Amino acid sequence: MKTSHIFVLSALVITGAYFGVLSLFELPETTMEWVLSDIILGAILYVNYLVIAMAHGSSKARKHYSDKKVTA
């Protein structure tokens, strides 16, 4: 498994456990709405990050180096 897969998997487990604990307690609706709005905002920011990263691409992939050495 790659490091990114381990990070995503651990984030999902932690989030699931957090919401499991939250569901055990009777929380006011405003608290749950606040948590859900934070999740939605985080998802929007993450999708924007992915779009920007894909649009700009890797700077290493854009550089082109010739295999031939130039001698003067």
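On a 1 Å grid over the protein atoms alone, a pocket is an open set of points with protein on both sides within 12 Å along at least five of seven lines, and its lining residues have an atom within 4 Å of a point. This is a predicted model, in which local features need pLDDT of at least 70 and side-chain atom pairs count only at pLDDT 80 or more, while totals for chains, interfaces and linings use all residues. Residues are numbered from 1 along each chain as its sequence is written, and side-chain values use heavy atoms, with hydrogens and water left out.

**View 1. The helices of the protein.** The protein has three helices and zero strands, where helices (H or I, at least four residues) and strands (E, at least two) are DSSP runs numbered from the N terminus. Along the sequence the pattern reads α-α-α. Of the 72 residues, 3% are buried, a word that stands for under 20% relative accessible area with a 1.4 Å probe and protein chains only, whereas exposed stands for over 50% and partly exposed for values in between.

**View 2. The largest pocket.** About 320 Å³ of space lies in this pocket, the volume being the space filled by probe spheres set on grid points that are joined across faces, edges and corners. Its lining consists of Phe7, Val8, Ala11, Leu12, Thr15, Phe19, Ile39, Gly42, Ala43 and Tyr46. The elements that give two or more residues to this lining are α1 and α2, and the largest share, six residues, comes from α1.

**View 3. Phe7 in helix α1.** Phe7 is found in helix α1, which spans residues 3-24, and this residue counts as exposed because its relative accessibility is 60%.

**View 4. The aromatic pair Tyr46 and Tyr49.** Rings of Phe, Tyr and Trp (its six-membered ring) pair if their centres lie within 6.5 Å, with planes under 30 degrees apart counted as stacked, over 60 as edge-to-face and the rest as tilted. By this rule there is one aromatic pair. Tyr46 and Tyr49 form this tilted pair, at 6.3 Å centre to centre and 35 degrees between the planes.

Definitions and conventions
On a 1 Å grid over the protein atoms alone, a cavity is a set of points where a 1.4 Å probe fits but cannot get out, and a pocket is an open set with protein on both sides within 12 Å along at least five of seven lines; lining residues have an atom within 4 Å of a point.
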